[in-house]
Amino acid sequence: MESAKHDLVVIGAGPGGYVAALRAAQLGVNVACIDENEVPGGTCLRVGCIPSKALLESSQRYYEARHTLAAHGVAVADVQLDLPTMQKRKESVVRTLCRGVEGLLKRQNITYYRGRARFDGPGRLIVDGRAEQTALASQYYLIATGSTPATMPGVGLDGQGVGSSTDALAYTEVPRHLVVIGAGYIGLELGSVWSRLGSRVTVIEMLDRLLPGMDGELAGEARRLLERQGLTFWLSTRVNGAYSYEGRCLVECEGRDPLECDRVLLAVGRRPNTDGLGLETIGVRTDQAGFITVDKHFATAAGNVFAIGDCIGGPMLAHKASEEGIACVERLVTGYGRVDYATIPSVVYTHPEIASVGKTEEQLQADDHPYRKGTFPLRANGRARALGEVEGLVKILADQRTDRILGVHILGARAGDMIAEAVAAMECGASAEDLARTCHAHPTLAEAIQEAALAVDGRPLHL
Ligand code: NAI
């Protein structure tokens, strides 16, 4: 068995692990990063954020060519879908980015081990590579092993008829009827992709609303817009089972007749990748759902082992994992590092996009927190009109007494980019009045943020 010694060994090369490794290397640490995949990037780059965004972009172009370009005076005849090319483009985007991360790691002299890592007692980590085993000793270990799609009893994932998001990113044919279980991030994004490409899409959700955790007003409006695009929602409907038979699928729901379809996408959340890591051999504890228990500095019960990202719970977002990775290694090296969980944005890349940071109105009401609210519809924004993207609104929630911004929620074109201004403002402890008095370029969608901030004080100009 080979052996090597490092200062820090990071297990997992997703956006949590590889970013932590990069930051540690910048700080002069001798770092190794382990991943079972040939290239770094993790779920985000390989089978998550990036491929889904590539398909969302391509499918939206196709949809626009068929449905909305004519209104711009662009006549497109005989629009054809070339799904193999669309999938190849997606793969090329993924490949380029993974190779890019590989290059970044090399440039920082980070040793990349390909294989599955497992602890074999304190201070001993074994990497089972394809051909050889390597024992790695290190001063510190950082677990950033991420998550995988959750399964549920009664749903037989066969990767063919009934599959996860990984399968739905790689369909080689457009399903005639796709049933999506779960109206969360994945259900709405991948449901949108296949609906735009021609599938009949039924989304089944056990709650009475879309996107639990997002602001209710925006989720309601998003539902209306997605229904107009052709998606069907069965809300307050719990799925009990789904399976394939003879090339078709059957979905069994509570209180309804079984639903027959061509494909089923199970999107009911994700579970942490903490099995098989040998955590018990080093005394690292997990909770009932398998999430690693850490303190506020990401330390596990084993003193020199830390954990970040999806495998410790909280929002399962790439950027949250990266922030935690940076904070964790900065604290180890410099003695200081923190994550401001109140300002982690979330974005659903439907069309229009839904972006959010801070408290929702429901949370403020539940907390009995007095607030003022300003909203501004994009239909009153000049740029939105010019773009032909007038659906949606900006909503700002501010403390009633201090005017400090507590939450910003945007439904609209490019909301995912627009939310960055709100995040920066909240990071600086800004008030709604600060945003209202910030000069915004005209004509931009971001002017709607300024108008919503003015509306907090009851003085929007264009409403
Ligand atoms: P999710 O937690 O967002 O949504 C799962 C949905 O399934 C919930 O609405 C839940 O009520 C519903 N559900 C659960 N059991 C059900 C049942 N038996 N029958 C019907 N409905 C049921 O999970 P999702 O969409 O799988 O995404 C997983 C994670 O990946 C999320 O936590 C999200 O943070 C992350 N993600 C983030 C994206 C982004 O940032 N744009 C994109 C995709 C995923």
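Predicted model: local features only at pLDDT ≥ 70, side-chain atom pairs only at ≥ 80, totals over all residues.
For context, most residues other than glycine have a negative phi, and most peptide bonds are trans.

**Other backbone points to check**

- F298 also has a positive phi, near 70°, and is a residue other than glycine.
- You will find F298 in the loop between β16 (270-272) and β17 (305-307).
- F298 counts as buried, because its relative accessibility is 5% and the buried class covers values under 20%.
- The peptide bond from H351 to P352 is cis, with omega near 0°.
- P352 belongs to the loop between β18 (346-348) and β19 (353-358).
- H442 and P443 are likewise joined by a cis peptide bond, here with omega about -5°.
- The loop that holds P443 runs between α12 (432-436) and α13 (447-456).

**An open parallel sheet**

- Strands of a sheet pair through backbone hydrogen bonds, either parallel or antiparallel.
- Here, five strands make up an open sheet with parallel pairing, in the order β8-β15-β9-β10-β11.
- At the edges are β8 (162-163) and β11 (232-234), each of which pairs on one side only.

**Overall fold and dimensions**

- The protein has 13 helices and 22 strands.
- Its radius of gyration is 23 Å, close to the 23 Å that the globule rule gives for 463 residues, so the protein is as compact as a globular protein of that length.
- Along the principal axes, the C-alpha atoms fill a box of roughly 65 × 60 × 45 Å.
- Of the contacts between residues at least 6 apart in sequence, 64% join residues at least 24 apart.

**Burial, surface and charge**

- Buried residues account for 52% of the 463 residues.
- The accessible surface is about 20,900 Å², and carbon and sulfur atoms contribute 48% of that area.
- There are 48 positive and 56 negative side chains, and the centres of these two sets lie 2 Å apart.

Definitions and conventions
Residues numbered from 1 in each chain as written. Heavy atoms only, no water. Helix = DSSP H or I, 4+ residues; strand = E, 2+ residues; numbered from the N terminus. Rg over C-alpha atoms; globule rule 2.2 N^0.38 Å. Buried < 20%, exposed > 50% of the residue type's maximum accessible area, 1.4 Å probe, protein only. Contact = heavy atoms within 4.5 Å. Areas by Shrake-Rupley, 256 points an atom, 1.4 Å probe, with all protein chains shown as cover. Lys, Arg positive; Asp, Glu negative; His and termini not counted. Charge placed at Lys NZ, Arg CZ, Asp CG, Glu CD. Pairing = 2+ DSSP bridges.
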